Amino acid sequence: SAMTIRFDNRVAIVTGAGNGLGRAHALLLASRGAKVVVNDPGGARDGRGGDSAVADKVVAEIKAAGGQAVANYDSVAEQKAAANIVKTAVDAFGTVDIVVNNAGILRDKSFPNMSMDDFLLILQVHLMGSVYVTHAAWPILREKAYGRIVLTSSSSGLYGNFGQTNYSAAKLSLVGFMNTLRLEGQKYNILVNSLAPVAGTRMTEDLMPAELIARMKPELVSPMVAYLCSEACTRSGEIWAAGVGYFSRVEFREGPGVRVAGQPTIEDVAANIDKIADLTTSTAYRTANEESQAVLAG
Ligand code: NAI
């Protein structure tokens with residue numbers, strides 16, 4: 001029908017598309033006409049090892065269904081390799097329109113037991129991996145004045161999850177990255193959104209009972225990602241939760257707060273802490289400047 005959302009003549013990069021959510025996003029975009037770069041170096045859940053067959057298999061699935069795809073085996077976590085993912089799109093399909101930053105690994109440990117190498121590695125893959133791929137694609141998107149970028153955040157970053165200080169820090173850092181990228185992309189029609197997915201994949205399979213994992217199909221999340229990557233989407237700089245057919249928006253809100261004249265004392269803060277914390281009426285500021293204006297307005 002005329003309402004069908006399609007991606008004909010659009011080129012999409014999906015990182016970490018060999019498994020789980022990335023694979024489902026790639027299959028959906030390709031099924032609606034997108035030319036897809038299926039990026040995945042393979043490797044275990046903790047990032048160790050590698051296997052080119054992982055990306056090849058998804059490319060074969062897309063082709064078998066009549067779609068167009070090409071494999072790329074580079075790691076998002078290294079700048080040159082990440083740039084080569086974008087080069088793969090340009091070499092195979094001439095351009096890039098859509099970047100779904102989905103690649104990710106886990107190195108869970110309670111904070112005192114976590115090595116700082118594992119902390120940095122998680123930041124490198126999730127934050128810098130998304131930054132590198134997006135940075136390489138950005139000049140192309142800007143030049144054509146069209147772009148759709150999805151960053152994969154997580155409820156672990158938004159709300160916290162025991163044993164995941166590294167992952168939580170990395171996942172919420174992507175929201176900060178998005179907030180400013182939204183402003184810089186605005187006049188070029190480059191829209192940037194964040195996803196907080198819930199799906200049964202090898203990343204979550206040991207956290208929940210098997211029958212629940214089986215219900216949490218990654219393809220139940222992908223329509224949100226595909227929407228955010230479509231021409232139909234006009235929203236930018238927002239956080240979207242999606243899982244098992246549930247879709248919702250998440251945002252930061254700031255309360256009206258309390259104003260103390262002159263030099264506030266520690267005791268002023270103590271006496272007012274409940275009122276300072278109150279969010280009964282609150283505002284979601286859209287830029288740092290907007291918030292500063294409100295702070296200074298009093
Ligand atoms: P998954 O482990 O099934 O898929 C992740 C894919 O990323 C794997 O195929 C892996 O080979 C690839 N990958 C890992 N390091 C890479 C690198 N350096 N360069 C390129 N590709 C790399 O896991 P899942 O669940 O599909 O995760 C996808 C994304 O969703 C991740 O960013 C994850 O943190 C995020 N997420 C998943 C949730 C869930 O419920 N499954 C919850 C919240 C976030």
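In β7, P197 finds its bridge partner in A242. This pair belongs to β6 (190-198) and β7 (residues 239-243), which run alongside each other in the parallel sense over five bridges. Strands here are DSSP runs (E, at least two residues), helices are DSSP runs too (H or I, at least four), and both are numbered from the N terminus. Two strands pair if DSSP finds at least two bridges between them. The model is a predicted one, in which local features need pLDDT of at least 70, side-chain atom pairs count only at pLDDT 80 or more, and totals for chains, interfaces and linings use all residues. Residue numbers start from 1 along each chain as its sequence is written.

Stepping back to the whole sheet, eight strands make an open sheet with mixed pairing, in the order β3-β2-β1-β4-β5-β6-β7-β8. β3 (68-72) and β8 (246-250) sit at the edges with a single partner strand each, so one side of each has no neighbour in the sheet. From one strand to the next, the twist averages 20 degrees. Angles are taken between N-to-C directions and run from 0 to 180 degrees, with axes fitted as lines to C-alpha atoms, for helices over the stretch in contact.

Next come the helices that lie on the sheet. α1 lies across β1 (11-15), β2 (35-39), β3, β4 (98-101) and β6, and runs at about 170 degrees to β1. α4 packs on the sheet as well, touching β1, β4, β5 (147-152) and β6, and its direction makes about 175 degrees with that of β4. Contact means that the C-beta atoms of two residues, placed from the backbone, lie within 7 Å.

The helices also pack on one another. α1 and α2 (residues 53-64) have axes 10 Å apart at an angle of about 25 degrees, so the two are roughly parallel. By the cut-offs used, angles under 35 degrees are roughly parallel, over 145 roughly antiparallel, 65 to 115 roughly perpendicular, and the rest oblique. The crossing of α1 and α2 is right-handed, where right-handed means that the near helix is turned clockwise from the far one by less than a right angle, and left-handed that it is turned anticlockwise. R23, A26, L27 and A30 of α1 make the contact with V58, E61 and I62 of α2. By class, that is five nonpolar, no polar and two charged residues. Nonpolar covers Ala, Val, Leu, Ile, Met, Phe, Trp, Tyr, Cys and Pro, charged covers Asp, Glu, Lys and Arg, and the others, Gly among them, are polar.

α4 has helix neighbours of its own. Its axis and that of α6 (residues 165-185) come within 8 Å and cross at roughly 25 degrees, so α4 and α6 are roughly parallel. α4 passes α6 in a right-handed crossing, and the contact counts ten nonpolar, four polar and two charged residues. With α3 (residues 79-93), the axes come within 8 Å and cross at roughly 50 degrees, so α3 and α4 are oblique to each other. Here Q79, A82, A83, I85 and V86 in α3 meet G129, Y132, V133, A136 and A137 in α4.

Of the 33 residues around it, G16, G20, A103, G104 and T201 come nearest; a residue is near if its C-beta atom, placed from the backbone, lies within 6 Å. The shell divides into twelve nonpolar, 18 polar and three charged residues.
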